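Have your viewer ready and try each task before reading on.

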Amino acid sequence: MRIVIQRVTQASVVIENKVKGEIGHGLLLLAGFYDDDTEEDLKWMAGKVAQLRIFGDAEGKMNLSVQDVQGDLLVISQFTLYASTKKGNRPSYINAAPPTLAVPLYERFVTLLEASLGKKVQTGEFGADMKVSLLNDGPVTITIDTQNKE
């Protein structure tokens, strides 16, 4: 599993000219899934997201988590995070999990995040043509990959 985390002051996703998900202060997550992602990978990532200290405290230091600041989450599925550009100029997505595997992983990840945060998580729609808007705060943008837990 690979995610891009963006700390935002606002973010939304529009599908067919209708707002599907919208948040204020919190995190926008772009999430891609790999064929062999496991329940343990999903749990690890959900815990990492909930407790990652990237929000400013009273002194402006990044010491608070999204949980601490009672921030919101918007999770967007994005198979293109697994793009391989090794050969030629057209990316290959062979490393991304196919929809039959990725959809249940995405849904389970959202459920785990909701359990970790104790609140509803906003989402896009798997496989839809989505228009994502955000106001990156900081900017703070972080990538995390379960296959390379640094």
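**Exercise 1. Count the charged side chains of the chain and compare the centres of the two sets.**

Step 1: the chain carries 16 positive and 19 negative side chains, where Lys and Arg count as positive, Asp and Glu as negative, and His and the chain ends are not counted. Step 2: place each charge at NZ of Lys, CZ of Arg, CG of Asp or CD of Glu. Step 3: the centres of the two sets then lie 3 Å apart.

A note before going on: this is a predicted model, in which local features need pLDDT of at least 70 and side-chain atom pairs pLDDT 80 or more, while totals for chains, interfaces and linings use all residues. Residues are numbered from 1 along each chain as its sequence is written, and side-chain values use heavy atoms, leaving out hydrogens and water.

**Exercise 2. Work out the order of the secondary structure elements.**

Step 1: assign helices (DSSP runs of H or I, at least four residues) and strands (E, at least two), numbered from the N terminus. Step 2: this gives two helices and eight strands. Step 3: read from the N terminus, the order is β-β-β-α-β-β-β-α-β-β.

**Exercise 3. Trace how strands β1, β2, β3 and β6 pair.**

Step 1: call two strands paired if DSSP finds at least two bridges between them. Step 2: β1 (residues 2-15) and β2 (residues 18-23) run antiparallel with five bridges, and A11 stands opposite I23 in β2. Step 3: look at the hairpin of β1 and β2, with two residues between the strands, where E16 has a positive phi near 50 degrees. Step 4: β1 also runs antiparallel to β3, with seven bridges; here V4 faces L30 of β3. Step 5: β3 and β6 (residues 72-77) run parallel, joined by six bridges, and L29 has V75 as its bridge partner in β6.

**Exercise 4. Decide whether I5 is buried or exposed, and find its contacts.**

Step 1: buried means under 20% relative accessible area, exposed over 50%, and partly exposed in between, with a 1.4 Å probe and protein chains only. Step 2: I5 belongs to β1 and has a relative accessible area of 1%, so I5 is buried. Step 3: take contact as heavy atoms within 4.5 Å. Beyond neighbours within four places in sequence, I5 touches residues including L27, L29, V49 and I142. Step 4: turn to β3 (residues 26-32), where seven of the seven residues are buried, so this strand is largely enclosed by the rest of the structure.
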